[in-house]
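Reader: I am new to this structure. Please take one part and look at it closely, then tell me how the rest is laid out.

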Amino acid sequence: MTATEENGTVPQEKKPADEKPAGENPAGEKPAKNRRTRLISGPGMLLLWLYGVMVVGAVSRSAVQISTEFDKAPLAYSLSAVAGVVYGFITYSLVRGGETARKAALVCCAAELAGVLTVGTWTLVEPSAFPDATVWSDYGMGYLFIPVLLPLSAMYWLRKARTAGSASAVQ
Amino acid sequence: MLDALTVATAVAALALAAWCGWAAYRDQPTKDWHFIGMAVVSLLAVVQLVIGIVQLARGEKPEQGTTIFVAYLLGAFACIPAAGFMSLAERTRWGSVTVAAGGIVLAVLEVRLYDIWGG
């Protein structure tokens, strides 16, 4: 881990980054040549499951609320829909794998974290703007704080996937 | 009837979560016995789905709306099988963790179902 972290600073964007051999993944699979870095091995599978749950939760919730009672709290329901789209994209990136998807997912996780923190603070400071809850209200308390914990663990995992990939590229 | 089933499913889901959590703690993937456990919990969810729909057909109304009730019933039904297939794809302790997380998610869904039905 410490050795690979130093390698993490080596600039490696010049390479055709997408088709890196899958380095050491915890599943102990053989590193297949010319395969995308698998992002859903080991802990990645748990992340995929939780993101899948959040996709279903956020999308179905906002779909029901927007179609039946949009006027009651337009801002809250729109935010839930946006959250659902972000979760959907991250889930897709995790399944797809590869360097580009990894970076895209990383950006989306940062956006997700920013969203949770912003909306969470917003709901606490000015509850009147939100007659009804969103997925991200009170930092995701209604969802066992998964919305705020998930991007943190996902970013940790995705960064680790990068250092694992670069270690195998350097060796 | 439905309330009792909801409670039973929630308890079974938590038991499954604890069991698979124990397997993960001992660094084991899900085994045949775990899949039998998942099948039992899934069966409870199927029975719940059927009884829930029968209750609706009889004209009973859930307190918080029929759409939401059916959506949660379907979610509860799909929850454990989905986690089970993911643990088949991930033959390490993390597959067990995934099923454990699935059990907890199902338990939460059951609590919500209880509220939605108005128990």
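Author: A:Tyr139 sits in the loop between α4 and α5 of chain A. Helices here are DSSP runs of H or I with at least four residues, strands are runs of E with at least two, and both are numbered from the N terminus. The model is predicted: local features need pLDDT of at least 70, side-chain atom pairs count only at pLDDT 80 or more, and totals for chains, interfaces and linings use all residues. Residues are numbered from 1 along each chain as its sequence is written, and chains are lettered from A and ligands numbered from 1 in the order in which they are written.

Look at the backbone. Phi of A:Tyr139 is near 60 degrees, a positive value in a residue other than glycine. Most residues other than glycine have a negative phi. A:Asp138 also has a positive phi, near 50 degrees. A:Asp138 lies in the loop between α4 (99–125) and α5 (146–170) of chain A.

Buried means 20 or more other C-beta atoms within 10 Å of the residue's own, exposed means 12 or fewer, and partly exposed lies in between; C-beta atoms are placed from the backbone.

Now the annotated spans. In an unreviewed UniProt entry, "transmembrane region" covers residues 39–63, 75–95, 104–125 and 140–158 of chain A. Positions follow the numbering used here, feature names are shortened, and annotations may be inferred rather than shown by experiment. Residues 140–158 of chain A are 68% helix and 0% strand, with end C-alpha atoms 22 Å apart. Residues 104–125 of chain A are 100% helix and 0% strand. Their end C-alpha atoms lie 31 Å apart.

The unreviewed UniProt entry places "transmembrane region" at residues 33–57, 69–88 and 94–114 of chain B. Residues 33–57 of chain B are 100% helix and 0% strand, and the end C-alpha atoms are 36 Å apart. Residues 94–114 of chain B are 100% helix and 0% strand, with ends 30 Å apart by C-alpha atoms.

Chain B as a whole has four helices and zero strands. The C-alpha trace of chain B spans about 50 × 20 × 20 Å along its principal axes. Of its 119 residues, 46% are buried. Contacts within chain B with a separation of 6 or more are 80% between residues 24 or more positions apart; a contact means C-beta atoms, placed from the backbone, within 7 Å.

How values were computed:
Two residues are in contact if their C-beta atoms, placed from the backbone, lie within 7 Å.
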